Amino acid sequence: MRERRRAASRAMILIAATVLAGCESTNNIIARSGTGVAEVATQSPQEASANIASLTEVVQRNPNSAEAFNTRGVAYARIGKFPEAIADFNQSIKLAPNNAASLTNRALAYRQVNRNDAALADFNRAIAADPGHAPAYLGRANLLRAQGNLEEARVDLDQAIKLNPESAQAFHARGLIYQREGNHPQAITDFDNAIDRDPFAGAPYLARGQSLLAIGKSDKAIEDFNAALNVDNKNPDAWAGLGLAYEKSGNRAKAAESYQRALTFDPNNQLAKDGVARVGRA
């Protein structure tokens, strides 16, 4: 019982930190890939169950606390229980209709269940409620980018970076827009900034490697793809990119090996399939 009380106390500390930080938990459930959707945390079932149980105690003792429901909602979202998360965010918003953090978190959860219209409405409400809430701009930008509205997305990301210059995710997301437009030097600058702020995320290395390849810097691209694989050595896109970088640098043997590794993790990876067709198998 004493341990459960300590866990509940820690949860209350988390709630306080969430409020003071403008809901840092919003950032925590945005995927590293820059898609702006909630990511499933790598918790064991036992850890997840204990965390939810402690947060449920907090909710039961504070049934009128919007922060308590918001925090448990984040915990549900991080383990992929999005309907439960949305239910908690609904209650949080019912208790505090202008809570930008809860609105942003519900928007991210809506994206995971393919309710993009509802997500956009919540991002808009969050920004109207608190024009200084950077995570709402980041979340809305990633949704707009996914829908092909690149210019509107860039405006939101500019604002997100202005509000939070240390946001690695915002720099990464804006770099992806520049990359899609073919502006690789500017994309690389944004990926540099993302990596400077969070050197342990793999996605910016992968993206920077792709842009480096596009401007003919194969050797530097090899370094970035290897860095991405140091974070996740089962990433087929990183293996395929590494294969292409080796191929362009003239190392056909390593190219073939890398392409095959990519196909091990994703047999339908087109870049790897095309690479094997060109250089053969190791």
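Q: Which residues of helix α14 are called buried?
A: Pro-236, Ala-238, Trp-239, Ala-240, Gly-241, Leu-242, Gly-243, Leu-244, Ala-245, Tyr-246 and Glu-247 are; buried means under 20% relative accessible area, exposed over 50%, and partly exposed in between (1.4 Å probe, protein chains only). The model is predicted: local features need pLDDT of at least 70 and side-chain atom pairs pLDDT 80 or more, while totals for chains, interfaces and linings use all residues. Numbering runs from 1 along each chain as its sequence is written, and side-chain values use heavy atoms, without hydrogens and water.

Q: What makes α14 mostly covered?
A: Eleven of its 14 residues are buried. The cover includes α12 (203–214), α13 (218–231), α15 (252–265) and α16 (270–279), where contact means heavy atoms within 4.5 Å.

Q: How many helices and strands does the protein chain have?
A: The chain has 16 helices and zero strands. Helices (H or I, at least four residues) and strands (E, at least two) are DSSP runs numbered from the N terminus.

Q: What span does α14 reach, and what is expected?
A: The expected span is 1.5 Å times one less than the number of residues. From first to last C-alpha, α14 (residues 236–249) reaches 20 Å, close to the expected 20 Å.

Q: What lies at the start of α14 and just after its end?
A: At the start, a side-chain oxygen of Asn-235 comes within 2.9 Å of the backbone nitrogen of Asp-237. Just after the helix, Gly-250 has a positive phi of about 95°.

Q: What percentage of the protein chain's residues is buried?
A: Of its 282 residues, 52% are buried.

Technical notes:
Polar contact = N/O pair within 3.5 Å; in protein donor to acceptor, adjacent residues only side chain to side chain.
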